[in-house]
Amino acid sequence: MSADHVALVDVNNFYVSCERAFDYSLRNRPVVVLSNNDGCVVARSQEAKDLGIPTGEPFFKVQRYMDSHNLAVRSSNYELYGDMSARVMELLGRYGTWHEVYSIDESFVGLEGNLEQVRSVAAQIRAAIDQSIGLPVCVGVSSTKTLAKLANHIAKHNPGLGGVCVQQLMDPEVLENILHRVPVTDVWGVGRKTGAKLAAMGIESIADLQAADPLAIRKKFSVVLQRTVFELNGQRCIGPVEERADRGQVMFTRSFSTPVRTHEAMEEVMSIYAQKAASRLAREGRYAALLTVTAGTSRFARGEASFPSAQVRLPRPTRDPILLSKLAIAAMRDLMQPGIDYVRGGVILSGLSDSPGEQQLDLFGQSTDPAAEEQENVSSVVQDISVRFGAKSIGLGHAGMAKSPEWSMKREHISQRYTTDWDELLVVQA
(Lines give C-alpha, C1' and ligand atoms only; values in the text may rest on other atoms or scores of the structure.)
Protein backbone atom coordinates (compact mmCIF):
# COMPACT_ATOMS: atom_id res chain seq x y z
CA MET A 1 0.00 0.00 0.00
CA SER A 2 2.38 2.66 -1.28
CA ALA A 3 -0.18 5.22 -2.44
CA ASP A 4 -0.38 8.61 -0.74
CA HIS A 5 -4.11 8.31 -0.01
CA VAL A 6 -6.63 5.60 0.83
CA ALA A 7 -10.12 5.73 -0.67
CA LEU A 8 -13.06 3.67 0.53
CA VAL A 9 -15.72 3.15 -2.13
CA ASP A 10 -19.04 1.90 -0.72
CA VAL A 11 -22.28 1.23 -2.63
CA ASN A 12 -25.21 2.90 -0.89
CA ASN A 13 -27.93 0.46 0.26
CA PHE A 14 -26.38 -2.18 -1.98
CA TYR A 15 -29.17 -4.78 -2.23
CA VAL A 16 -31.85 -2.13 -2.71
CA SER A 17 -29.72 -0.20 -5.21
CA CYS A 18 -29.23 -3.37 -7.30
CA GLU A 19 -33.00 -3.80 -7.44
CA ARG A 20 -33.55 -0.16 -8.36
CA ALA A 21 -30.96 -0.26 -11.14
CA PHE A 22 -33.34 -2.36 -13.24
CA ASP A 23 -36.75 -1.37 -11.85
CA TYR A 24 -37.41 2.35 -11.92
CA SER A 25 -40.77 1.86 -10.20
CA LEU A 26 -38.77 1.31 -6.98
CA ARG A 27 -37.26 4.78 -7.06
CA ASN A 28 -38.36 7.18 -4.30
CA ARG A 29 -40.47 4.57 -2.51
CA PRO A 30 -39.78 2.37 0.53
CA VAL A 31 -38.11 -0.92 -0.39
CA VAL A 32 -36.99 -3.85 1.78
CA VAL A 33 -35.05 -6.97 0.84
CA LEU A 34 -35.72 -10.19 2.77
CA SER A 35 -33.45 -12.92 4.10
CA ASN A 36 -33.44 -16.62 3.17
CA ASN A 37 -36.93 -18.10 2.90
CA ASP A 38 -38.34 -14.55 3.08
CA GLY A 39 -37.90 -14.58 6.84
CA CYS A 40 -36.93 -11.07 7.87
CA VAL A 41 -35.65 -7.73 6.60
CA VAL A 42 -31.93 -7.63 5.78
CA ALA A 43 -31.76 -4.44 3.70
CA ARG A 44 -33.79 -1.22 3.61
CA SER A 45 -34.00 1.86 1.45
CA GLN A 46 -33.80 5.22 3.19
CA GLU A 47 -37.56 5.58 2.77
CA ALA A 48 -38.08 2.27 4.59
CA LYS A 49 -35.74 3.39 7.35
CA ASP A 50 -37.77 6.58 7.69
CA LEU A 51 -40.87 4.42 8.30
CA GLY A 52 -39.10 2.97 11.32
CA ILE A 53 -38.58 -0.51 9.83
CA PRO A 54 -35.54 -2.04 11.59
CA THR A 55 -33.11 -4.57 10.19
CA GLY A 56 -34.13 -8.05 11.31
CA GLU A 57 -37.85 -7.24 11.46
CA PRO A 58 -39.92 -10.37 10.59
CA PHE A 59 -41.62 -10.09 7.22
CA PHE A 60 -45.14 -10.52 8.61
CA LYS A 61 -44.68 -7.39 10.72
CA VAL A 62 -43.89 -5.17 7.72
CA GLN A 63 -46.60 -6.49 5.41
CA ARG A 64 -49.01 -3.82 6.64
CA TYR A 65 -46.81 -1.16 5.02
CA MET A 66 -47.30 -2.67 1.57
CA ASP A 67 -50.76 -1.15 1.27
CA SER A 68 -50.52 1.82 3.61
CA HIS A 69 -47.14 3.15 2.39
CA ASN A 70 -46.64 1.45 -0.99
CA LEU A 71 -43.79 -0.63 0.43
CA ALA A 72 -42.01 -2.79 -2.15
CA VAL A 73 -40.74 -6.17 -0.98
CA ARG A 74 -38.05 -8.23 -2.70
CA SER A 75 -36.55 -11.63 -1.89
CA SER A 76 -32.77 -11.79 -1.83
CA ASN A 77 -31.57 -12.09 -5.42
CA TYR A 78 -28.06 -13.40 -4.74
CA GLU A 79 -27.34 -14.06 -8.41
CA LEU A 80 -28.00 -10.42 -9.30
CA TYR A 81 -26.17 -8.97 -6.29
CA GLY A 82 -23.08 -11.11 -6.85
CA ASP A 83 -22.82 -10.16 -10.51
CA MET A 84 -23.36 -6.45 -9.84
CA SER A 85 -20.67 -6.57 -7.15
CA ALA A 86 -18.23 -8.19 -9.57
CA ARG A 87 -18.90 -5.42 -12.10
CA VAL A 88 -18.21 -2.71 -9.54
CA MET A 89 -14.98 -4.35 -8.39
CA GLU A 90 -13.78 -4.84 -11.96
CA LEU A 91 -14.34 -1.18 -12.72
CA LEU A 92 -12.59 -0.05 -9.52
CA GLY A 93 -9.55 -2.10 -10.53
CA ARG A 94 -8.93 0.45 -13.30
CA TYR A 95 -8.26 3.20 -10.79
CA GLY A 96 -5.50 3.73 -8.26
CA THR A 97 -2.21 1.98 -7.56
CA TRP A 98 -3.81 -0.89 -5.62
CA HIS A 99 -7.30 -2.24 -5.05
CA GLU A 100 -8.54 -4.38 -2.15
CA VAL A 101 -12.04 -5.87 -2.06
CA TYR A 102 -13.30 -5.63 1.51
CA SER A 103 -16.88 -6.90 1.15
CA ILE A 104 -19.60 -7.39 -1.45
CA ASP A 105 -20.22 -3.63 -1.57
CA GLU A 106 -16.97 -2.07 -0.28
CA SER A 107 -13.46 -1.66 -1.64
CA PHE A 108 -10.31 0.19 -0.66
CA VAL A 109 -8.38 1.90 -3.47
CA GLY A 110 -4.95 3.51 -3.28
CA LEU A 111 -4.76 6.97 -4.90
CA GLU A 112 -1.77 9.18 -5.66
CA GLY A 113 -1.47 12.90 -6.31
CA ASN A 114 -2.28 16.12 -4.51
CA LEU A 115 -5.57 16.57 -2.69
CA GLU A 116 -7.38 18.25 -5.58
CA GLN A 117 -6.27 15.51 -7.98
CA VAL A 118 -7.44 12.89 -5.54
CA ARG A 119 -10.84 14.56 -5.16
CA SER A 120 -11.15 14.67 -8.97
CA VAL A 121 -10.37 10.94 -9.29
CA ALA A 122 -12.83 10.10 -6.49
CA ALA A 123 -15.54 12.03 -8.35
CA GLN A 124 -14.63 10.18 -11.56
CA ILE A 125 -14.99 6.83 -9.78
CA ARG A 126 -18.41 7.78 -8.49
CA ALA A 127 -19.59 9.01 -11.91
CA ALA A 128 -18.21 5.96 -13.73
CA ILE A 129 -20.01 3.48 -11.47
CA ASP A 130 -23.25 5.45 -11.74
CA GLN A 131 -23.04 5.71 -15.53
CA SER A 132 -21.73 2.22 -16.34
CA ILE A 133 -23.50 0.13 -13.70
CA GLY A 134 -26.26 2.34 -12.33
CA LEU A 135 -25.36 2.07 -8.65
CA PRO A 136 -24.91 5.05 -6.29
CA VAL A 137 -21.67 5.08 -4.31
CA CYS A 138 -19.93 7.31 -1.81
CA VAL A 139 -16.17 7.76 -1.74
CA GLY A 140 -14.24 8.66 1.40
CA VAL A 141 -10.57 9.58 1.14
CA SER A 142 -7.98 10.04 3.86
CA SER A 143 -4.51 8.94 4.94
CA THR A 144 -5.51 5.62 6.58
CA LYS A 145 -8.18 2.97 6.15
CA THR A 146 -9.93 3.89 9.39
CA LEU A 147 -10.05 7.58 8.48
CA ALA A 148 -11.20 6.68 4.94
CA LYS A 149 -14.09 4.79 6.52
CA LEU A 150 -14.90 7.87 8.57
CA ALA A 151 -14.69 10.09 5.50
CA ASN A 152 -17.10 7.77 3.69
CA HIS A 153 -19.47 8.02 6.67
CA ILE A 154 -19.32 11.81 6.41
CA ALA A 155 -19.98 11.69 2.65
CA LYS A 156 -23.07 9.53 3.18
CA HIS A 157 -24.60 11.85 5.78
CA ASN A 158 -23.83 15.17 4.07
CA PRO A 159 -25.57 15.41 0.67
CA GLY A 160 -23.84 18.75 -0.01
CA LEU A 161 -20.55 16.91 -0.52
CA GLY A 162 -21.89 15.19 -3.62
CA GLY A 163 -20.96 11.73 -2.40
CA VAL A 164 -17.23 12.48 -2.10
CA CYS A 165 -15.35 13.45 1.05
CA VAL A 166 -11.60 14.08 1.17
CA GLN A 167 -10.96 14.43 4.86
CA GLN A 168 -7.87 16.66 4.51
CA LEU A 169 -9.88 19.20 2.50
CA MET A 170 -12.53 19.61 5.17
CA ASP A 171 -12.73 22.70 7.36
CA PRO A 172 -10.79 21.71 10.53
CA GLU A 173 -13.49 23.16 12.81
CA VAL A 174 -16.24 21.28 10.99
CA LEU A 175 -14.27 18.04 11.17
CA GLU A 176 -13.53 18.55 14.85
CA ASN A 177 -17.23 19.10 15.53
CA ILE A 178 -18.10 15.88 13.71
CA LEU A 179 -15.49 13.89 15.63
CA HIS A 180 -17.00 15.08 18.91
CA ARG A 181 -20.58 14.33 17.83
CA VAL A 182 -20.21 10.92 16.20
CA PRO A 183 -20.27 8.04 18.74
CA VAL A 184 -17.23 5.82 19.07
CA THR A 185 -19.28 2.81 17.99
CA ASP A 186 -19.35 4.29 14.48
CA VAL A 187 -15.60 3.72 14.20
CA TRP A 188 -14.59 0.80 11.98
CA GLY A 189 -14.14 -2.28 14.18
CA VAL A 190 -15.67 -0.88 17.38
CA GLY A 191 -18.77 -2.89 18.31
CA ARG A 192 -21.42 -2.34 20.96
CA LYS A 193 -19.68 -4.31 23.70
CA THR A 194 -16.37 -2.55 23.14
CA GLY A 195 -18.23 0.76 22.91
CA ALA A 196 -19.86 0.15 26.29
CA LYS A 197 -16.47 -0.58 27.89
CA LEU A 198 -14.98 2.52 26.31
CA ALA A 199 -17.91 4.62 27.54
CA ALA A 200 -17.23 3.40 31.07
CA MET A 201 -13.75 4.90 30.66
CA GLY A 202 -15.21 8.22 29.47
CA ILE A 203 -14.47 7.50 25.79
CA GLU A 204 -17.79 8.13 24.05
CA SER A 205 -16.96 9.92 20.80
CA ILE A 206 -14.47 9.42 17.99
CA ALA A 207 -12.55 12.44 19.26
CA ASP A 208 -12.26 10.79 22.68
CA LEU A 209 -10.80 7.61 21.17
CA GLN A 210 -8.47 9.64 18.97
CA ALA A 211 -7.09 11.36 22.08
CA ALA A 212 -6.76 8.15 24.10
CA ASP A 213 -3.41 6.71 25.18
CA PRO A 214 -2.57 3.89 22.72
CA LEU A 215 -0.66 1.89 25.35
CA ALA A 216 -3.56 2.08 27.81
CA ILE A 217 -5.98 0.99 25.09
CA ARG A 218 -3.77 -2.00 24.25
CA LYS A 219 -3.55 -3.09 27.88
CA LYS A 220 -7.29 -2.72 28.43
CA PHE A 221 -8.45 -4.13 25.09
CA SER A 222 -6.16 -5.40 22.32
CA VAL A 223 -3.50 -4.50 19.81
CA VAL A 224 -6.28 -4.27 17.20
CA LEU A 225 -7.97 -1.36 18.98
CA GLN A 226 -4.55 0.21 19.58
CA ARG A 227 -4.02 0.22 15.82
CA THR A 228 -7.37 1.94 15.44
CA VAL A 229 -6.15 4.75 17.72
CA PHE A 230 -2.99 5.07 15.64
CA GLU A 231 -5.02 5.14 12.42
CA LEU A 232 -7.35 7.83 13.78
CA ASN A 233 -4.22 9.94 14.28
CA GLY A 234 -3.07 9.46 10.70
CA GLN A 235 -0.57 6.63 11.25
CA ARG A 236 -1.20 3.91 8.71
CA CYS A 237 -0.83 0.51 10.38
CA ILE A 238 -3.67 -1.65 9.00
CA GLY A 239 -2.29 -3.38 5.94
CA PRO A 240 -4.05 -5.47 3.31
CA VAL A 241 -6.79 -7.64 4.73
CA GLU A 242 -5.55 -11.21 4.79
CA GLU A 243 -7.22 -13.80 2.60
CA ARG A 244 -10.60 -14.68 4.10
CA ALA A 245 -10.86 -18.05 5.80
CA ASP A 246 -13.77 -18.97 3.51
CA ARG A 247 -11.41 -18.86 0.53
CA GLY A 248 -10.18 -22.18 1.83
CA GLN A 249 -13.55 -23.79 1.22
CA VAL A 250 -16.61 -23.65 -0.98
CA MET A 251 -19.92 -23.91 0.84
CA PHE A 252 -23.40 -24.46 -0.49
CA THR A 253 -25.79 -24.50 2.47
CA ARG A 254 -29.42 -23.50 2.53
CA SER A 255 -32.56 -23.65 4.67
CA PHE A 256 -35.48 -25.49 3.11
CA SER A 257 -38.84 -23.85 2.46
CA THR A 258 -40.54 -27.13 3.49
CA PRO A 259 -38.96 -29.85 5.67
CA VAL A 260 -37.16 -32.78 4.05
CA ARG A 261 -38.34 -36.08 5.54
CA THR A 262 -37.39 -38.89 3.12
CA HIS A 263 -34.23 -40.45 1.74
CA GLU A 264 -35.36 -39.57 -1.78
CA ALA A 265 -35.76 -35.88 -0.96
CA MET A 266 -32.42 -35.75 0.87
CA GLU A 267 -30.73 -37.38 -2.12
CA GLU A 268 -32.12 -34.55 -4.24
CA VAL A 269 -30.64 -32.03 -1.81
CA MET A 270 -27.19 -33.63 -1.73
CA SER A 271 -27.06 -34.09 -5.51
CA ILE A 272 -28.08 -30.54 -6.33
CA TYR A 273 -25.90 -28.92 -3.67
CA ALA A 274 -22.83 -31.00 -4.59
CA GLN A 275 -23.20 -30.04 -8.25
CA LYS A 276 -23.60 -26.37 -7.40
CA ALA A 277 -20.49 -26.48 -5.22
CA ALA A 278 -18.60 -28.26 -8.01
CA SER A 279 -19.73 -25.56 -10.44
CA ARG A 280 -18.23 -22.90 -8.17
CA LEU A 281 -14.95 -24.81 -8.06
CA ALA A 282 -14.92 -24.98 -11.84
CA ARG A 283 -15.51 -21.24 -12.19
CA GLU A 284 -12.62 -20.57 -9.80
CA GLY A 285 -10.32 -23.15 -11.38
CA ARG A 286 -9.84 -25.06 -8.12
CA TYR A 287 -10.10 -28.62 -6.83
CA ALA A 288 -11.24 -30.05 -3.47
CA ALA A 289 -9.66 -32.80 -1.39
CA LEU A 290 -12.35 -33.06 1.30
CA LEU A 291 -16.15 -33.30 1.08
CA THR A 292 -18.38 -32.52 4.07
CA VAL A 293 -22.16 -33.03 4.14
CA THR A 294 -24.46 -31.65 6.81
CA ALA A 295 -28.15 -31.48 7.65
CA GLY A 296 -30.15 -30.38 10.64
CA THR A 297 -33.52 -30.10 12.29
CA SER A 298 -34.82 -26.88 13.81
CA ARG A 299 -33.37 -26.08 17.22
CA PHE A 300 -36.87 -25.04 18.27
CA ALA A 301 -38.68 -28.16 17.07
CA ARG A 302 -40.50 -30.22 19.69
CA GLY A 303 -39.67 -33.53 18.06
CA GLU A 304 -36.42 -35.45 17.97
CA ALA A 305 -33.33 -33.41 17.10
CA SER A 306 -30.89 -34.63 14.47
CA PHE A 307 -27.75 -32.97 13.08
CA PRO A 308 -26.00 -35.52 10.86
CA SER A 309 -22.60 -34.63 9.45
CA ALA A 310 -19.89 -36.59 7.69
CA GLN A 311 -16.55 -36.00 5.99
CA VAL A 312 -15.20 -37.88 2.99
CA ARG A 313 -11.50 -37.73 2.12
CA LEU A 314 -11.28 -37.79 -1.68
CA PRO A 315 -8.75 -40.07 -3.44
CA ARG A 316 -7.27 -36.97 -5.05
CA PRO A 317 -8.39 -33.34 -5.42
CA THR A 318 -11.35 -33.14 -7.79
CA ARG A 319 -14.24 -30.97 -8.97
CA ASP A 320 -16.03 -33.78 -10.80
CA PRO A 321 -19.77 -33.09 -10.29
CA ILE A 322 -20.73 -36.74 -10.85
CA LEU A 323 -18.25 -38.08 -8.31
CA LEU A 324 -19.02 -35.39 -5.73
CA SER A 325 -22.76 -35.93 -6.16
CA LYS A 326 -22.45 -39.70 -5.67
CA LEU A 327 -20.22 -39.32 -2.61
CA ALA A 328 -22.49 -36.70 -1.01
CA ILE A 329 -25.56 -38.89 -1.45
CA ALA A 330 -23.78 -41.97 -0.09
CA ALA A 331 -22.34 -40.09 2.90
CA MET A 332 -25.75 -38.78 4.01
CA ARG A 333 -27.80 -41.88 3.20
CA ASP A 334 -27.09 -43.78 6.43
CA LEU A 335 -27.01 -40.69 8.65
CA MET A 336 -30.42 -39.12 8.18
CA GLN A 337 -33.46 -40.52 9.98
CA PRO A 338 -36.57 -40.78 7.77
CA GLY A 339 -39.66 -39.15 9.21
CA ILE A 340 -37.74 -36.40 11.01
CA ASP A 341 -38.17 -32.84 9.73
CA TYR A 342 -34.81 -31.61 8.41
CA VAL A 343 -34.92 -27.87 7.74
CA ARG A 344 -31.42 -27.25 6.39
CA GLY A 345 -28.65 -29.04 4.56
CA GLY A 346 -25.30 -28.33 3.00
CA VAL A 347 -22.28 -29.49 1.07
CA ILE A 348 -18.85 -28.08 1.90
CA LEU A 349 -15.75 -28.62 -0.23
CA SER A 350 -12.39 -27.89 1.43
CA GLY A 351 -8.71 -28.68 1.13
CA LEU A 352 -8.71 -26.58 -2.03
CA SER A 353 -5.86 -26.41 -4.51
CA ASP A 354 -5.20 -25.13 -8.01
CA SER A 355 -4.29 -28.57 -9.33
CA PRO A 356 -5.95 -32.01 -9.25
CA GLY A 357 -2.62 -33.52 -8.25
CA GLU A 358 -1.07 -36.67 -9.60
CA GLN A 359 -3.26 -39.61 -10.49
CA GLN A 360 -2.37 -42.55 -8.28
CA LEU A 361 -1.45 -45.81 -9.97
CA ASP A 362 -4.51 -48.03 -10.16
CA LEU A 363 -3.34 -51.59 -9.38
CA PHE A 364 -6.70 -53.06 -10.31
CA GLY A 365 -6.86 -51.62 -13.79
CA GLN A 366 -9.90 -49.43 -13.13
CA SER A 367 -8.29 -46.49 -14.92
CA THR A 368 -9.00 -48.27 -18.22
CA ASP A 369 -12.65 -48.89 -17.36
CA PRO A 370 -14.73 -47.52 -20.27
CA ALA A 371 -17.49 -46.50 -17.84
CA ALA A 372 -15.01 -44.43 -15.83
CA GLU A 373 -13.72 -42.74 -18.95
CA GLU A 374 -17.29 -42.02 -20.05
CA GLN A 375 -18.07 -40.47 -16.64
CA GLU A 376 -14.97 -38.29 -16.90
CA ASN A 377 -16.04 -37.09 -20.34
CA VAL A 378 -19.58 -36.30 -19.16
CA SER A 379 -18.21 -34.45 -16.13
CA SER A 380 -15.92 -32.39 -18.35
CA VAL A 381 -18.83 -31.40 -20.62
CA VAL A 382 -21.02 -30.48 -17.63
CA GLN A 383 -18.25 -28.33 -16.16
CA ASP A 384 -17.54 -26.53 -19.44
CA ILE A 385 -21.20 -25.70 -20.04
CA SER A 386 -21.70 -24.65 -16.40
CA VAL A 387 -18.70 -22.28 -16.50
CA ARG A 388 -19.73 -20.77 -19.83
CA PHE A 389 -23.49 -20.45 -19.39
CA GLY A 390 -24.05 -20.56 -15.62
CA ALA A 391 -24.74 -23.20 -12.99
CA LYS A 392 -28.42 -23.51 -13.92
CA SER A 393 -27.74 -24.13 -17.62
CA ILE A 394 -27.11 -27.84 -17.09
CA GLY A 395 -27.31 -30.44 -14.32
CA LEU A 396 -27.35 -34.13 -13.60
CA GLY A 397 -30.50 -35.85 -12.38
CA HIS A 398 -32.62 -33.55 -10.22
CA ALA A 399 -30.16 -30.69 -10.74
CA GLY A 400 -31.08 -30.69 -14.43
CA MET A 401 -34.79 -30.14 -13.84
CA ALA A 402 -36.13 -26.75 -14.87
CA LYS A 403 -38.60 -26.69 -12.00
CA SER A 404 -37.10 -26.27 -8.55
CA PRO A 405 -37.88 -28.96 -5.95
CA GLU A 406 -40.62 -28.33 -3.41
CA TRP A 407 -38.08 -27.93 -0.60
CA SER A 408 -36.07 -25.20 -2.39
CA MET A 409 -35.49 -21.95 -0.55
CA LYS A 410 -38.63 -19.80 -0.65
CA ARG A 411 -38.20 -16.58 -2.62
CA GLU A 412 -41.74 -15.52 -3.45
CA HIS A 413 -40.83 -11.88 -4.10
CA ILE A 414 -37.69 -12.35 -6.15
CA SER A 415 -36.95 -10.06 -9.07
CA GLN A 416 -35.47 -11.14 -12.38
CA ARG A 417 -31.82 -12.18 -12.61
CA TYR A 418 -31.28 -9.47 -15.19
CA THR A 419 -27.57 -10.08 -15.76
CA THR A 420 -27.05 -13.82 -15.24
CA ASP A 421 -29.99 -15.63 -16.88
CA TRP A 422 -30.70 -15.54 -20.62
CA ASP A 423 -34.43 -15.97 -20.04
CA GLU A 424 -34.59 -13.02 -17.63
CA LEU A 425 -32.61 -10.36 -19.48
CA LEU A 426 -34.17 -6.93 -19.42
CA VAL A 427 -36.17 -6.25 -22.61
CA VAL A 428 -35.93 -2.68 -23.87
CA GLN A 429 -38.29 -1.40 -26.55
CA ALA A 430 -38.00 1.84 -28.48
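Me: Is the crossing of α13 and α14 right-handed or left-handed?

Reply: The crossing of α13 and α14 is right-handed. Keep in mind that this is a predicted model.

Me: At what angle do the axes of α13 and α14 cross?

Reply: Roughly 145 degrees, and the axes of α13 and α14 come within 8 Å.

Me: Ok, and which residues make that contact between α13 and α14?

Reply: On the α13 side you have H263, M266, E267, M270, S271, A274, Q275 and A278. From α14 come P321, L324, S325, A328, I329, M332 and R333.

Me: How does the contact of α13 with α14 split by class?

Reply: Nine residues are nonpolar, four are polar and two are charged.

Me: Switching topic: how many cavities of 30 Å³ or more does a search of the whole structure find?

Reply: The search turns up one. About 50 Å³ of space lies in the largest cavity.

Me: Which residues line the largest cavity?

Reply: H263, M266, E267, M270, I329, M332, R333 and M336.

Me: And which element gives the largest share of that lining?

Reply: That's α13, with four residues. The elements giving two or more residues to the lining are α13 (263-284) and α14 (321-333).

Me: What about the classes in the lining of the largest cavity?

Reply: Five nonpolar, one polar and two charged.

Me: Let's move on to α5 and α6. How far apart are their axes?

Reply: The axes are 11 Å apart, and the two helices pack at an angle of about 140 degrees. Helix α5 covers residues 78-92, and helix α6 covers residues 115-132.

Me: So what does that angle make α5 relative to α6?

Reply: It makes α5 oblique to α6. As for handedness, α5 passes α6 in a right-handed crossing.

Me: Who's touching whom in the contact of α5 and α6?

Reply: V88, L91 and L92 of α5 meet I125, A128, I129 and S132 of α6. By class, six of the residues in this contact are nonpolar, one is polar and none is charged.

Me: Last pair: how do the axes of α7 and α12 cross?

Reply: At roughly 65 degrees, coming within 7 Å. That angle makes α7 roughly perpendicular to α12.

Me: Which residues of α7 and α12 are in the contact?

Reply: K145, T146 and L147 belong to α7, while T228, E231 and L232 belong to α12. They divide into two nonpolar, two polar and two charged residues.

Notes: Residues are numbered from 1 along each chain as its sequence is written. This is a predicted model: local features need pLDDT of at least 70, side-chain atom pairs count only at pLDDT 80 or more; totals for chains, interfaces and linings use all residues. Side-chain values use heavy atoms; hydrogens and water are left out. Axes are lines fitted to C-alpha atoms, for helices over the stretch in contact, and angles run from 0 to 180 degrees between N-to-C directions. Angles under 35 degrees count as roughly parallel, over 145 as roughly antiparallel, 65 to 115 as roughly perpendicular and the rest as oblique. A crossing is left-handed if the near helix is turned anticlockwise from the far one by less than a right angle, and right-handed if clockwise. Contact means heavy atoms within 4.5 Å. Ala, Val, Leu, Ile, Met, Phe, Trp, Tyr, Cys and Pro count as nonpolar, Asp, Glu, Lys and Arg as charged, and the others, Gly among them, as polar. On a 1 Å grid over the protein atoms alone, a cavity is a set of points where a 1.4 Å probe fits but cannot get out, and a pocket is an open set with protein on both sides within 12 Å along at least five of seven lines; lining residues have an atom within 4 Å of a point. Grid points are joined across faces, edges and corners, and a volume is the space filled by probe spheres set on the points.
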